[in-house]
Amino acid sequence: MRASLALAVVLLLWLGSAAAQSPTFTEEETGVRYTVETFLPANYPVGMAFAPDDTLFYNEKNTGSVRMVAPDGTLNPTPVITLPTDGNVERGMLGIALDPDFENNQMIYIVHTKSATAQDWPANTLVRFRLEDGVAVDVEELLSVPIDTGELIHNGGNIHFDADGYLYLSLGEYNNAANAQNLDTMPGKIHRFEVTDEGLVPVEDNPYGNSIYALGLRNPFDFTFDTETNYLFSVDVGPTCDDELNLIFPGFNYGWHEGYTCSGREPITGLDNGFYYAPLLSFTPVISPTGVVFYDNPAVPEWQGDLFMCDWNFGNLRRIELDETRRQVTAVHEMDLGDVQCRIDIEVGPDGALYFGTVGEFGGAIMRLMPESE
Ligand SMILES: [Ca+2]
Ligand SMILES: [Ca+2]
């Protein structure tokens, strides 16, 4: 009797663990073991941000909604906010960032393509609001950049705060390469602002006396800050060549211009403004890099300070190592995800797992790459 009971318990335990099992992978270079699993089915989750209390916020590109997920993985059925959003092609509810003092002020920033009206172009628009009982209040439009080309591609809007509390906004060139080199327009650049009581103000020592921080970009879909140096690393999605990972310094020119010819990491000359800075990585054939994030979590010491990058075309996840100057790439590793794709944003969770968005054949979901604890 006792033996059969024990057997039943063992069997139940075994069945339970088998049901919950996700494929386990071992990274060749580091020996780090991890699983890849669905964290949450989600509608085109293109931007994510974790709060200090482990709450996850994410954008639904096409619906214009921001959603909230409790630390235990429960999705709040009511969206935090739904803004009238044009989700056509590369437009949509794209970027999200939490205020550096979110813990105290509950402020959230998003960038989305505000729908057109009879009078106005659709416009990539930076909005701030405060979270109160799970929904947005005090909704405030801080900046709006009309898509006056009428183009559907190269919106590349994202927002992140750096360690000094400055807010950066990346904007694609609205499918007009001339924008990338024009210091009088906003598209095709990364901008830097101070958030004040009066709204967004260009940082006083910005290189061109306006909000422009760096220029010559085509479609800087996501960027991230090195937690060791505060250096800004941005992807740039190229044409039929030259997808890039760039190290962004103030005033520098990243080379995208009218009549661009594929140049890989070779110098580009004849630019009017700013010194040219060659990409750290250049990809031809193209992969369309999307999400990037620096790993800064004690869970996996082997990954500390590495940059993770997803790509749209193949859904690959790359782990990119830098040298001690933090200005050069020393190694690029493709991570094994099985048949899972990492196609849009990627962020590090407070648990040390990598969370990334996927759409397409695999369905829309936020996936979780969970390192095995020792
Ligand atoms: Ca470039
Ligand atoms: Ca990211």
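Tutor: Let us begin with confidence. This is a predicted model; the protein averages a pLDDT of 93, and 93% of the residues score at least 70.

Student: What makes residues 5-19 a stretch to treat with caution?

Tutor: Over residues 5-19 the pLDDT is below 50, and the scale of this confidence runs from 0 to 100. Beyond near neighbours in sequence, the stretch has zero contacts in the model. Where pLDDT is low, predicted coordinates should not be read in detail.

Student: Into which domains is the protein divided?

Tutor: Domain 1 comprises 24-41 + 290-313 + 327-374, and domain 2 comprises 42-289 + 314-326. Over C-alpha atoms, their centres are separated by 20 Å.

Student: How do you know that domain 1 and domain 2 are in contact?

Tutor: Contact requires C-beta atoms within 7 Å, and 45 residues of domain 1 are in contact with 44 residues of domain 2. On the domain 1 side, strand S23 (329-335) is among the elements that give two or more residues, and S23 supplies the largest share, seven residues. By class, that side has 25 nonpolar, twelve polar and eight charged residues.

Student: Which residues touch the most other members of the largest nonpolar core?

Tutor: Phe57, Val292 and Phe308 do so, in a core of 83 residues. The core draws at least three residues from each of domain 1 and domain 2. Leaving aside residues up to four places away in sequence, Val292 touches Phe308, along with others including Phe223, Phe233 and Ile346.

Student: Why is strand S12 (residues 167-171) called largely enclosed?

Tutor: A residue is buried if 20 or more other C-beta atoms lie within 10 Å of its own. Five of the five residues of S12 are buried, so the strand is largely enclosed by the rest of the structure. Leu167, Leu169 and Leu171 point one way, whereas Tyr168 and Ser170 point the other. In a regular strand, side chains alternate between the two faces of the sheet.

Student: How do you know that S12 pairs with S11 (residues 158-161) and with S13 (residues 189-196)?

Tutor: Pairing requires at least two bridges. S11 and S12 have four, in the antiparallel sense, and Asn158 stands opposite Ser170. S12 and S13 have five bridges, also in the antiparallel sense, with Phe193 of S13 as the bridge partner of Leu167.

Conventions. Residues are numbered from 1 along each chain as its sequence is written. Chains are lettered from A and ligands numbered from 1 in the order in which they are written. This is a predicted model: local features need pLDDT of at least 70, side-chain atom pairs count only at pLDDT 80 or more; totals for chains, interfaces and linings use all residues. Domain bounds come from an automatic or database domain assignment. Two residues are in contact if their C-beta atoms, placed from the backbone, lie within 7 Å. Ala, Val, Leu, Ile, Met, Phe, Trp, Tyr, Cys and Pro count as nonpolar, Asp, Glu, Lys and Arg as charged, and the others, Gly among them, as polar. pLDDT is the predictor's confidence in each residue, from 0 to 100. A nonpolar core is a set of buried Ala, Val, Leu, Ile, Met, Phe, Trp, Tyr and Cys residues joined through C-beta atoms within 7 Å. A residue is buried if 20 or more other C-beta atoms lie within 10 Å of its own, exposed if 12 or fewer, and partly exposed in between; C-beta atoms are placed from the backbone.
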